[in-house]
Amino acid sequence: MLLHLHVKNLALIRETEIDFSPGLNILTGETGAGKSILIGSMTMALGGKVSKEMLREDADYALAELVFSAEQPDLLLRLKELEIPAEDGELILSRKITAAGRSLCRINGETVSTAVLKEISSRLIDIHGQHEHQSLLNKKKHLEILDAYVREELSPVLEVLGERFQACQNWKRELEQSQTDESARIREQSLLEFELHEIEEAALKDGEDELLEQSYRKMVNGKRIMETLTLVQKLCSGEDVSASEQTGRACRELGSVLRYDDGLEGLNGQLQEIDGQLQDFVRELDDYMEGLEFSEQEFRETEERLNLINHLKAKYGQTIGEIRQYQEEKQKRLELLTNYEQSVAGMEKEYQKALQELEEHCRTAHGIRVKAAEKLSALMQEQLGELNFLDVRFEISVRDTGSPSAAGSDDVEFLISTNPGEPVKPLGKIASGGELSRVMLAIKTVMADQDEIHTVIFDEIDAGISGRTAQKVSEKLSLIGRSRQVICITHLAQLASMADSHYCIEKQAVDGSTQTRIRRLSGEEITEELARILGGARITDAVRWNAMEMKRLALEYKRKTGKT
């Protein structure tokens with residue numbers, strides 16, 4: 001459940017906070033007061049898109065913070081996997097956006113990516129936007145809704161379907177790539193044989209190129225290396241004054257006075273060690289210089305070998321490993337061309353096998369959807385009847401198109417008839433805006449029982465409705481509010497009167513700037529707000545009486561249905 005909202009520096013909101021309650025939370029206010037901004041702030045905190053133009057011009061950043069109580073076991077397990085603490089079942093989601101466009105997301109103080117924020121928030125809250133019901137005009141949405149209704153049973157099938165579809169696509173692609181005429185096949189085969197022979201002839205060895213480059217570099221710079229080493233050799237062990245001669249003389253001199261002071265033993269040992277290391281160095285230097293000599297033929301062979309390897313790299317891959325991978329791929333292709341008919345027949349057999357498995361799983365998915373469609377249709381018809389569709393028929397058509405895909409081969413469409421004696425027709429062709437809103441509300445009501453989301457937000461679900469229909473919608477929202485938290489923005493008094501908690505969004509002039517604030521109403525304030533919605537520009541005593549009567553009838557309905 002959503003407990004608290006804190007917004008700062010977003011559009012007309014300088015800073016505001018609001019505590020939400022269980023049940024039906026209603027938000028009302030004048031057009032332009034900032035109701036959409038409030039929904040936008042929630043969307044921002046949940047990881048949704050927000051334009052940096054939404055930031056107040058005099059602010060460096062905007063902040064939106066939501067506090068939830070979260071007790072769902074699967075959610076707590078996911079938080080544990082993410083190493084995010086959730087003490088006392090409280091979850092704080094926050095998002096800060098700077099004027100430079102940077103976004104910082106946190107869950108319980110831990111910095112997370114926007115993707116993680118969206119994942120966690122999707123388990124906590126469901127927002128029905130102002131125009132979401134328009135998505136029902138697209139048949140793809142019908143398939144999504146049906147699949148969501150039967151998710152638990154269908155998901156494993158769809159997972160396998162995706163794998164089988166990918167396998168079919170791979171074999172189909174292999175077959176398409178193998179299709180070629182005989183002359184082109186002969187040319188390609190000849191080229192492949194030449195390339196493979198060239199690579200095989202080289203007899204490449206792992207790491208050979210690095211060793212050759214090292215040897216070649218050594219040979220090219222051999223003269224300079226030899227000159228430098230000769231000088232070093234002379235300085236260390238030459239006939240003139242050298243390091244070896246000097247350390248030897250130092251050893252002899254120090255040894256001549258050892259008998260006078262035992263404390264000189266340590267220094268003598270160090271000097272002897274230096275002299276020994278120097279002698280070892282001189283011997284190793286002599287050995288290296290002897291091995292540095294190489295013939296002109298050896299240099300030429302190294303250069304030619306290195307040129308060959310670099311030539312192969314330029315054609316087949318930047319490393320010996322890549323050249324070998326290219327060789328393996330082309331060897332398979334050559335085998336296919338050499339045994340073309342047999343290879344194509346084998347691929348065709350594998351493709352047909354994968355296609356058959358795909359079609360079998362499509363049929364399984366189709367069967368699951370058909371059964372689910374019958375159940376969902378019955379539930380939808382019941383819910384629509386409670387939303388003032390007096391004589392409604394609602395059906396879900398599930399047609400097998402025979403064209404398998406990763407989602408199956410079904411075409412799903414919602415069909416409805418709102419008048420007696422008329423056949424059912426596609427929802428998108430006959431439903432008005434108000435009817436679409438009620439159909440979406442019915443869907444949300446049915447789907448609410450399929451998930452563990454405890455908070456549902458409706459942004460102007462009352463679009464296109466009034467009178468008796470509006471009353472039915474308000475009763476439906478009240479019933480939904482018994483099992484979960486509902487937050488609803490509305491312009492209708494019928495919906496507002498049913499509120500368990502009523503909030504007013506107002507726009508005020510403060511210090512020369514326009515600001516939006518939100519406050520919870522009580523007592524006579526609720527009556528005045530209902531009267532404002534009912535009465536328009538002038539609020540008379542009759543309008544106030546009407547508002548009081550509307551609130552009384554709402555409380556009476558709740559008592560009768562067991563809400564209070």
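Colleague: How many bridges join β4 to strand β5, and do they run parallel or antiparallel?

Modeller: Nine bridges join β4 to β5 (residues 90-98), and the two run antiparallel. Before you dig in: this is a predicted model, where local features need pLDDT of at least 70, side-chain atom pairs count only at pLDDT 80 or more, and totals for chains, interfaces and linings use all residues. Residues are numbered from 1 along each chain as its sequence is written, and side-chain values use heavy atoms, with hydrogens and water left out.

Colleague: Okay, what counts as a strand, and when do two of them pair?

Modeller: Strands (E, at least two residues) and helices (H or I, at least four) are DSSP runs, numbered from the N terminus. Two strands pair if DSSP finds at least two bridges between them.

Colleague: Which residue in β5 is the bridge partner of L63?

Modeller: That's K96. β4 (residues 61-69) also pairs with β1 (residues 2-10), in the antiparallel sense over six bridges. There, V7 stands opposite A64.

Colleague: What's the strand order in the open sheet of six strands?

Modeller: Go β8-β12-β13-β3-β14-β15, with mixed pairing. β8 (125-128) and β15 (513-520) stand at the edges with a single partner strand each, so one side of each has no neighbour in the sheet. From one strand to the next, the twist averages 15 degrees.

Colleague: And how do β3 and β14 run, parallel or antiparallel?

Modeller: Parallel: five bridges join β3 (residues 24-29) to β14 (residues 501-510). For example, L27 has Y503 as its bridge partner in β14.

Colleague: Which strands does helix α16 touch?

Modeller: Helix α16 (residues 467-483) packs on the sheet and touches β3, β12 (455-459) and β13 (485-489). Its direction makes about 145 degrees with that of β13. Helix α18 (residues 524-535) packs on the sheet too, touching β3, β14 and β15, and its direction makes about 55 degrees with that of β3. Here a contact means heavy atoms within 4.5 Å. For the angles, axes are lines fitted to C-alpha atoms, for helices over the stretch in contact, and values run from 0 to 180 degrees between N-to-C directions.

Colleague: Switching topic: is D410 buried or exposed?

Modeller: D410, in strand β10 (residues 408-417), is buried, because its relative accessible area is 12%. The cut-offs are: buried under 20% relative accessible area, exposed over 50%, partly exposed in between (1.4 Å probe, protein chains only).

Colleague: Which side chains does D410 make polar contacts with?

Modeller: The side chain of H366, at 2.6 Å, and that of R369, at 2.9 Å. A polar contact is a pair of N or O atoms within 3.5 Å; within protein, one must be able to donate a hydrogen and the other to accept it, and residues adjacent in sequence count only if both atoms are side-chain atoms.

Colleague: What about salt bridges, how many are there?

Modeller: The count comes to 30, taking a salt bridge as a side-chain nitrogen of Lys or Arg within 4 Å of a carboxyl oxygen of Asp or Glu. One of them joins E30 and R532, with the closest N and O atoms 3.4 Å apart. That pair links distant parts of the chain: E30 is in the loop between β3 and α1, R532 is in helix α18, and they sit 502 residues apart. E30 counts as partly exposed at 48%, while R532 counts as buried at 19%.

Colleague: How far apart are R283 and D280 along helix α10?

Modeller: Three residues, so about one helical turn separates them. Their side chains meet in a salt bridge (2.2 Å, N to O). R283 is partly exposed at 48%, and D280 is partly exposed at 36%. Elsewhere, salt bridges that share partners join D74, R78, E81, E119 and R123 into one network.
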